[in-house]
Structures are given as C-alpha cells and as structure tokens.
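Colleague: Could you walk me through this one? I'd like to start with charged side chains and then move on to the strands.

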Amino acid sequence: MNLRQLEVFRAIMISGSVSGAAQLLHVSQPAVSRLIAYTEQRLELVLFERIKGRLYATKEARQLFGESESIYQNLQRFNELAHGLSRQAGGALRIVCSPSLAHGLLPLAIAAFARVYPDVRITLAGLQLSDLVDRVTTQRADLAVAMVPLQHPHLQVHNVFRNRVVAVLPPGHRLLRKARIAVSDLRGERLIGYHPDTPLQQAIQQMFDAKKILPTRVAEVEQIHVACAMVQLGVGIALIDELAVLNGAWSTLEIRPIVAPIDLQVRLGYLRSEPLSGLAQTFGGMLENLEHPALHRVVARPAGKP
C-alpha cells in the first residue's frame, strides 16, 4: 500500500463512505472506488463490505487502520517540517525523557528555549528506558533526558542534575510539622507506589530496605501525576522525585524532603556517531544551565556544549 492508497483508505475509514472520502480528498467517487478496489486486489484482502447499501469495514480493515495512524502522523510531521523548511522557519527538535521529567524539568527547559527560539517546533515524549534508547539510536529523537542510566555503546551521556526523593502530603497531614522527614517516620503510612521495575520505586525500596522497614502500599500507579492526584483525594501519601514538581504543579499539596542518601541523577544522552544539530546543542546547553532553586548541577558546562 503506497501513501496515496493509505490516504484513500484512511479517508473511507474516517468518513464511513466512498462519497464522504471523495469529499475529504476533493476527488470523484469513481476515483476513490477504483483506487480502493485496486488496493484490495494488491493486498489480497477484502477491506470493505456493502450491506444494504451501506459500507462496513472488515476486521482486517480495522486492524490496518489502527496501524495506519502512526504512519499518517509521521507523514504529517514530515510535511510540517518540510513546510517549515521551505519557509525558512526555525526547524524542529525532538526530545524524549523519563515520564516524571515531562511534568517538571522539561517544560521549564522548553519554555526557556522557546523564548529565544519561538519558531522551532519541539516534540516531547515521556518514555520508559528501552524506548528512550531506541528513539535516539534509531535517530527518531535528537536528545534523551533521563532519570535512568542510558547505557548503550552508541550513546554519549552526561550527568546533569541531582534529583532527590521527596514526600507529597495532603493538607493537614501529621508529618507536616516536620521540615524534613526521616524514612522511619513513614513506618505505617499508607503509601502510593510504582511498578517495581521503575528507577523511582527501586530507589524508594532501597530507602526502606536500609532501615529494615516494610512499607504499607495501598496503590500502585505508573505515573507520578496519578500518584499526586490520589494524594489530593486522601488515598495516601506519595514519594516522588523532586524535579517532577519543579514548575509548581500540584501546588495545593505539601512537599517535604526525605532524609536518605538517595540521588536520582538526571542524564542527557545523544547519539555518539552523529554530530548534534545546532538546535540540539543549544537546547542541551540551556538545559544544563537552567537556574532554579531546586536544581543542583552535577557538573556545569558552557552553554551550547552538551
């Protein structure tokens, strides 16, 4: 199936009819009918059935449609980039990051970058470790910003910031009287946890193991903002990484640092074998030189040289 066939197939799936697809594509109905018949012949699949004058997608067509969306979205991004380049616009920058960093650190960095380069189109995706590495090594992302070790022979990695574990508490909680919370203070508390394979949960478990405390987990979630929503509703308290709430998210909740030797470093990674674009170098430099009271650099570098 070529891109034109895909476009016609998608138009029929969206509109539900040949006439609707013809209107979407600004072509004649016979042209749509001929192309979809040719497509079925080439694929050796029946994509649509007519029942009492109406067109119905087959099971195979629905499966193909689900797969086609990612192709169509990539084509849209390609066209937008080409359009921007033809207008000599600012270009594009593709960033992937650990999910929690997508809520605090990266929006702060992107906002600073956008003030200087307002015409650059930035895409940001919060992904798990394997997907982070895959996006960069297959050149589908320019930079990775991660709270996990980016261990791959083709990646160049810098440690950028330290990142502490903090407690998120609802208003009126008994631990609010403390400026800093010891791990022993969490004994018996109702905790909202994360999947055991996540770096944050592993760091949290290390804290409890060091004190020989068995935590009381009342829920397990995948994302920090879900944990914060549960705290707000009184389900329990959550332990999160400090940079997840860097930009003031969940301002109604109280945050207290945890007294524990746990340091979740933020890392910047990019492909070792390919030169970084000027935009990627500039963004990396701006990220490393961000100013915020909660940011603690591991090693400072000159701007523009990640």
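Modeller: A salt bridge here is a side-chain nitrogen of Lys or Arg within 4 Å of a carboxyl oxygen of Asp or Glu. Please keep in mind that this is a predicted model, in which local features need pLDDT of at least 70 and side-chain atom pairs count only at pLDDT 80 or more, while totals for chains, interfaces and linings use all residues. Residues are numbered from 1 along each chain as its sequence is written, and side-chain values use heavy atoms, with hydrogens and water left out.

Colleague: Are arginine 217 and glutamate 220 buried, partly exposed or exposed?

Modeller: Arginine 217 is partly exposed at 33% relative accessibility, and glutamate 220 is partly exposed at 47%. Buried means under 20% relative accessible area, exposed means over 50%, and partly exposed lies in between, using a 1.4 Å probe and protein chains only.

Colleague: How many salt bridges does the structure hold?

Modeller: It holds ten salt bridges. One of them joins the side chains of arginine 4 and glutamate 7, at 2.6 Å from N to O. These two residues are three apart in helix α1 (residues 3-15), so about one helical turn separates them. Helices (H or I, at least four residues) and strands (E, at least two) are DSSP runs, numbered from the N terminus.

Colleague: New topic, then: what is the strand order in the open sheet of six strands?

Modeller: The order is β8-β12-β7-β11-β9-β10, with mixed pairing. Two strands pair if DSSP finds at least two bridges between them. The edge strands, β8 (181-182) and β10 (216-221), each pair on one side only.

Colleague: How many bridges join β8 to β12?

Modeller: Two bridges join β8 to β12 (residues 254-259), and these strands run parallel. Alanine 182 has valine 259 in β12 as its bridge partner.

Colleague: And which helix lies across β7, β9, β10, β11 and β12?

Modeller: That is helix α7 (residues 199-210), which runs at about 115° to β11 (237-241). Axes are lines fitted to C-alpha atoms, for helices over the stretch in contact (heavy atoms within 4.5 Å), and angles run from 0 to 180 degrees between N-to-C directions.
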